Amino acid sequence: KAFPSRKRLLPSPLALPIIGHLHLLKPIPHKALQRLSRRHGPIFRLSFGSVPFVVTSSPETAREFLRVHEGSFSNRPSTVAVRYLTYGAEDFSFAPYGPFWKFMKKLCMTELLGTRTLEQFFPVRHEEVETLIRWKSREDKLIDIGEELTRLASNIISRMTMGKRCSGTSAEAGEVRKMVDEVGALTGEFNLQDYIWFCKNIDLQGLGKRLRDVQARLDAMMEEILKEHEETRKKQVSACGPEATTRDIVDILLDFVEDERAKQRLSREGVKAFILEMFTTGTGTSAGVIQWALAELINHPAVLQRLQNEIDSVVGTGRLVEESDIPSLPYLQAIVKETLRLHPSGPLFTRESTEECTVGGYHIPANTRLIINVWAIGKDPNYWEEPLEFRPERFMLGEGKSSEVDVRGQYYQLLPFGSGRRSCPGVSLALQVIQAALASLVQCFDWKAGTGKNCKVDMTEAPGITLTFAHPFVCIPVARDLPFLSVYA
Ligand code: HEM
């Protein structure tokens with residue numbers, strides 16, 4: 001009679017020797033996993049090589065994992081690449097749930113990414129958005145909007161973390177961005193060492209060598225950045241004390257390296273790992289959402305027109321829209337939610353269990369890796385009418401009010417930022433950047449996908465684990481007739 005339900009085996013497709021189910025993930029893993037969930041149900045088991053995974057694509061099961069069994073699933077699985085690049089998990093995203101992670105989480109919420117820091121850096125974000133819209137001279141020319149938006153997001157993160165842009169002026173900061181791209185490519189590559197047991201210690205693909213090389217260059221550069229900050233801090237202390245307004249995130253972190261009496265101290269490696277993490281988690285993600293939103297707006301001119309009307313009526317035609325206008329722009333908020341539903345930057349996120357538990361009647365052993373298919377959850381027909389349609393109105397309650405369903409992890413049918421204690425600490429920053437940049441682009445320009453009549457943006461997704469366009473997204477901004485735009489010409 002003991003635990004009959006715990007003996008139920010999770011459904012699983014037929015596996016191949018050695019590779020398990022890896023062949024089933026092609027070409028686009030989140031789509032392949034959605035198809036498998038239609039056949040095997042809301043929760044099923046896969047093996048990637050010799051590593052077991054549980055996959056869910058349903059809001060109810062996601063809730064069970066992330067809320068009911070949050071305590072069991074509070075770790076994140078690591079990979080060879082992550083271990084190389086994070087000094088053996090001295091970072092935050094991959095730190096096991098425990099005192100160090102708790103300390104970093106508190107620091108993120110109160111200082112690094114908290115309200116005060118976000119307010120302090122409002123002028124930085126506004127200036128970068130102003131730089132973004134200086135396109136008047138390039139009217140009627142196709143532009144690579146992805147490039148512009150990546151620059152915007154990287155410059156914001158760069159100025160917040162180390163006090164300088166990472167494009168244009170400083171060679172060092174520009175190097176950071178290049179290396180972050182390299183890191184993104186390396187961590188996105190499938191590494192046999194992570195999944196095939198007999199390859200564990202053999203670097204067949206040569207990835208280990210490339211990782212060691214990038215890590216050494218990154219470390220040297222981060223060390224430079226830290227030294228520069230330490231020098232400036234010494235000078236400030238010997239002059240009149242550090243000025244609160246000029247402190248960036250490296251400064252806040254260095255306080256915890258230098259303060260010998262602090263309860264929890266940070267290592268220099270911890271600081272370097274966190275800076276890299278800010279770039280890897282915070283730039284491509286936000287830039288990607290703005291691109292997908294703009295592409296949807298170009299393909300849905302009536303939605304674009306309604307958003308322009310909303311902005312014009314709230315902001316007027318005499319100034320650029322600002323972050324403080326966002327609460328009065330419910331349709332803008334609805335468009336961003338709808339974009340995150342259809343095109344979440346992280347279509348899949350992972351966790352790992354530390355204890356056994358029972359989910360959906362199935363026994364899940366400790367040390368099981370979990371994949372939450374955020375992309376599929378946002379398209380679950382039990383929650384979303386016509387799930388594949390771009391319809392921001394679904395997030396409006398009428399009378400110009402937005403629906404209470406938000407993206408911060410309380411509604412399990414919409415999880416672009418995850419949920420619970422390990423959910424994304426950058427959600428507020430990301431939403432401010434995405435909403436303000438999108439609003440400015442739409443306020444200042446009309447948008448065309450090309451020179452032909454009724455040109456549409458091709459929304460096909462590229463193969464791989466990140467959500468990117470299969471074909472380069474280029475478009476034409478045409479400046480609107482607004483008096484204040486002459487300032488930005
Ligand atoms: C559109 C933008 C973004 C999206 C869609 C996004 C999405 C996510 C998701 C799905 C997770 C995993 C959540 C979970 O396990 O429940 C995550 C974690 C994380 N994100 Fe974001 N993110 C974005 C922007 C940012 C920004 C701007 C930052 C910081 C600058 C950031 C920093 C992090 C960190 C540090 C974690 C790990 C948290 C932990 O393990 O405790 N993200 N993000």
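Which residue does UniProt list for "binding site"? The unreviewed entry lists Cys424. The model described here is predicted.

**Ligand shell**
- The ligand is surrounded by 26 residues, and Gly282, Thr285, Gly418, Cys424 and Gly426 are the closest.
- Two or more shell residues come from each of helix H12 (268-282), helix H13 (284-299), strand E4 (348-352) and helix H17 (427-444).
- H12 gives the largest share, 4 residues.
- Sorted by class, the shell holds 11 nonpolar, 11 polar and 4 charged residues.

**Cysteine 424**
- Cysteine 424 sits in the loop between strand E9 (401-402) and H17.
- Is cysteine 424 buried or exposed? Cysteine 424 is buried, because 24 other C-beta atoms lie within 10 Å and the cut-off for a buried residue is 20 or more.
- Apart from neighbours within four places in sequence, cysteine 424 is in contact with Phe417 and Gly418.
- Cys424 and Gly418 are also among the residues closest to the ligand.

**Helix packing**
- Helix H14 (residues 301-315) packs against helix H15 (residues 330-342) at an angle of about 140°, and their axes are 8 Å apart.
- On the H14 side the contact is made by Val303, Arg306, Leu307 and Glu310, which meet Tyr331, Leu332 and Ile335 in H15.
- The residues of this contact comprise 5 nonpolar, no polar and 2 charged.

**Buried faces of two helices**
- In helix H6 (residues 122-132), the buried residues are Arg125, Glu128, Val129 and Leu132.
- Why do the buried residues of H6 line one face of the helix? Seen down the axis, they fall within an arc of 100°, so they line one face.
- An α-helix has 3.6 residues a turn, so residues three or four places apart point the same way.
- The cover over the buried residues of H6 includes helix H7 (145-162) and H17.
- Helix H17 also gives two or more residues to the shell around the ligand.
- In helix H11 (residues 249-258), the buried residues are Ile249, Val250 and Leu253.

**Annotated region and a chain distance**
- UniProt, in an unreviewed entry, places the feature "coiled-coil region" at residues 204-231.
- In the model this span is 89% helix and 0% strand, with its end C-alpha atoms 43 Å apart.
- Glutamate 60 is found in helix H2 (residues 59-68) and is partly exposed, with 16 other C-beta atoms within 10 Å.
- Glutamate 60 and leucine 485 are 425 residues apart along the chain, and their C-alpha atoms are separated by 48 Å.

**Backbone details**
- Most residues other than glycine have a negative phi, and most peptide bonds are trans.
- Lysine 26 and proline 27 are joined by a cis peptide bond, with omega about -10°.
- Proline 27 lies in the segment before helix H1 (29-40).
- Isoleucine 18 is found in the segment before H1 and has a positive phi of about 65° although it is not a glycine.
- Isoleucine 18 is partly exposed, with 13 other C-beta atoms within 10 Å.
- Glutamate 386, in the loop between helix H16 (374-377) and strand E8 (396-398), has a positive phi near 40°.
- Glutamate 386 is exposed, with 9 other C-beta atoms within 10 Å.

Conventions
Residues numbered from 1 in each chain as written. Predicted model: local features only at pLDDT ≥ 70, side-chain atom pairs only at ≥ 80, totals over all residues. Near = placed C-beta within 6 Å. Nonpolar A, V, L, I, M, F, W, Y, C, P; charged D, E, K, R; others polar. UniProt positions renumbered as here; feature names shortened; annotations may be inferred. Buried ≥ 20, exposed ≤ 12 C-beta atoms within 10 Å, placed from the backbone. Contact = placed C-beta atoms within 7 Å. Axes fitted to C-alpha atoms, helices over the stretch in contact; angles between N-to-C directions. Arc of directions from axis to C-beta.
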